[in-house]
Amino acid sequence: MKKNPALLVYAFAYLAFLYVPVLFLPLFSFNDSRFISFPLTGFTTRWYRDLAADGAMLHALGNSLKAGAATALLSTLLGLLAAKAVTRYRLKATGAALGFISLPLFIPDIVLGISLLLLLGAVGLPQSLQAVVLGHLLVCVPFALTVLVARFEGFDRNLEEASADLGETGWMTFWRVTFPLVLPGICASLLLTFITSFDEFLVAYFLSGTEATLPVYIWGQLRFPERMPMVLALGALILAASVALVILAEVLRNRGMKRTRVGA
Amino acid sequence: MSFLTVEQVSKAFGGNTVVDRVDLAIARGEFFALLGPSGCGKTTLLRMIAGFETPDGGAIRIDGAAMNALPPWQRPTNMVFQNYAIFPHLDVFDNIAYGLRKRKLPKQDLRTKVDAMLATVRLEGLGDRRADQLSGGQRQRVALARALVREPKLLLLDEPLGALDKRLREAMQVELRALQRQVGVTFLLVTHDQEEALSLADRVAVMEAGKILQVASPRELYARPNCRAVAGFIGEMNFFHATVRALDSDTATVNAGVLGVLILPRANLAPGIEAGQHILLAIRPEHVRFADTGVAGAIAAGTFLGERSHYHVTLANRAEPVAVSSATARGGAVHLAFPPEHLIGLPA
C-alpha cells in the first residue's frame, strides 16, 4: 500500500490538537509564576503544596470521589440487573425498556439539571450530594447498561444452561458462571460511570447546593486568577489518575476478551 | 418397564408446533439415538428431557418419577452440549469438578474422583489446561467427563460429534460406544447424521416435522423402513410406483409398472396395506442386480468406488435413473433384475 504523506501530517496534527492542550496542565503546574503564559519562568512544586493545604478544595475533591463512587456502584448494579433481564429473558417490551433507559443520553444535561432542580423543589428536598448522585444515575445507567449488555451478549448462553444442568440453581449459576464472565464488563462499567460522574458539571451545578463537587468548585475559583496555578496542579493530578484508570480498564477489557472467545 | 418414557409430549414456539405429541420409551442402559434433519424437533425434545424447555402437554418420566415440574438442576440427567459449553474461566479439573460441589466431598476424594474420570476419557495430566488450550476432541471429552462424573441416570448428547472433522468423528464414535458400554449409563443422542446414529445406537428413532416416524434397531431401519421418508433418509433407495393386485397369507402380487408383475413375500409389505392399494416399492441399490434377462436399461453414469461401483441406469418410460451398486463392471446396455425378497412395499 502506498503511503500518503498528507494523511500522515493530518494524523499528527490531529493528535497534537487532542493532547497538546492537555499537556499544558502539568507544564504550567510546575511553572514558578502566577500567570499562565510563556515564557516559563522556573520550576516549583509550590502549587502542589498550596493545593495540599487548601481545605475547601480537598473537601470538594472528597465530595466528587464520594458522589463518583456511589454513582458507579449504583448505576453498575442497576445496569447489571437490566442487562441480565434484556439479554436472558424473552420480554415483550425489551426494545421500549432499552429506549427509555437510554433516553437521558439524548437529553441535554442542562435540561436534566433544571428539571431535577424543579423536582427537588416540588417534593421539598434540599440540594445535596445525594441529589447529585440521583442526577448522575440518570446519566450513567445508560452507559453501564451499554457496556454490560455487550458483555452479556458476548458469552454463550449454553454456559449458564450447563451450570443448571450440573446441579446449580439460578443464583449459584450467577455466582459461579455469569458473574466471573461479566466481571471485566462490571469493572469497565464501574470505571466509566465513575469518570462520567466525577467530571460531570451541569447537573452537579444545579443540584449540589453547598456541597460543591470538584468541577463546580473549580468553576467558582476561575474568578480568582491567583488561584489558577493551584487548579492546574489539581488538573494535572486528575489527569495522571485518569490515564492510570484508562490503562487499567483497557488491560481488564483485553483479558476479558481473551477469555470469552473460548466459549463460542 | 421403560426407564425413560415420553408420553404425548408437545411443544410449540409462537404457534409453530416443533414437537407434536411424541411418544418414546427407552430401556435402562440403552444407547438410543434421535435421528432427523435439522429443525425436526429432536433438539427441542432433548431440551425438554433436560428441563431447559417446558412441554406444552404430555409427561416425561425417568425411572418412574415425573420430570415435568423439576428444574434442570434437580433432574437425574446430564447433557453434553453441541458446542460443549466448557466454562472458559475454569481449567479442565474445575470444569469436571463443577457439578460435584454440592456433594461436599473431602478434597482428596474429589481429586480421586475427577482424576479417575480424566483417565476414563483419556485426558490424564491435562487437568490444569484451560479450555482455550484444548483441541476439539479434547473439549468433547471434557464435556463428557463433566457430565458423567455426576453419575447421571441418563446422559443426553446434543450432536456431540458435529463440531469435529471426519477422521476425529469416526475415532470418537468408536470411543463413545466403548465408553457407554464401560459406564453402563443410558445414552440419548441427538444427531442429523444417519451414519452416526446407525453405528452408535442400539435403537434409533427417526423424526421429521415434530413427529417420530419409526423406532427400530439400525439393521431393521435399513432393511425395513416403514415409510418413504425413513427409507429416503437412511441410505439410498430406489422407489417404484405400484398397485397391489392380490394378497394371500404368504405372498403379495403387485403390478409394478416398468418392473412388470411381481410376487413378493407378504411380510415385505408395510402393515395395513390392502389389495387394490397404490403403493411404493423400494429397493436398495446393492440389491438390484445386473442380469442376462430382465428390465432393459442403459448405464448413464458409473462411479468406481474400489470394491464396488455405483451406477445410474436409465429405463424406458421412467424419468428417474435407477441406482445400482455392483461388484461387476458394466457399460452400455444392461438388463436389471429386482429380486422380490428385497423389494419392500410402503404406503404411497
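How many bridges join strand β12 of chain B to β13(B)? In this predicted model, the two strands, of which β12 covers residues 251–255, are linked by 5 bridges and run antiparallel. Within this pairing, B:Val254 finds B:Leu262 of β13(B) standing opposite.

Turning to the meeting of the two chains, 18 residues of chain A are in contact with 20 residues of chain B. On the chain A side, the elements that give two or more residues are α7 (157–165), α8 (170–198) and α11 (228–261). The largest share of that side comes from α7(A), with 6 residues. Sorted by class, the side of chain A that touches chain B has 8 nonpolar, 5 polar and 5 charged residues.

A closer look at helix α8 of chain A brings up A:Trp171, which lies in this helix. Is this tryptophan, A:Trp171, buried or exposed? A:Trp171 has 8 other C-beta atoms within 10 Å, and a residue with 12 or fewer counts as exposed, so A:Trp171 is exposed. Along the chain, A:Trp171 and A:Leu15 are 156 residues apart, and their C-alpha atoms are separated by 47 Å.

How values were computed:
Residues numbered from 1 in each chain as written. Chains lettered and ligands numbered in written order. Predicted model: local features only at pLDDT ≥ 70, side-chain atom pairs only at ≥ 80, totals over all residues. Contact = placed C-beta atoms within 7 Å. Helix = DSSP H or I, 4+ residues; strand = E, 2+ residues; numbered from the N terminus. Nonpolar A, V, L, I, M, F, W, Y, C, P; charged D, E, K, R; others polar. Pairing = 2+ DSSP bridges. Buried ≥ 20, exposed ≤ 12 C-beta atoms within 10 Å, placed from the backbone.
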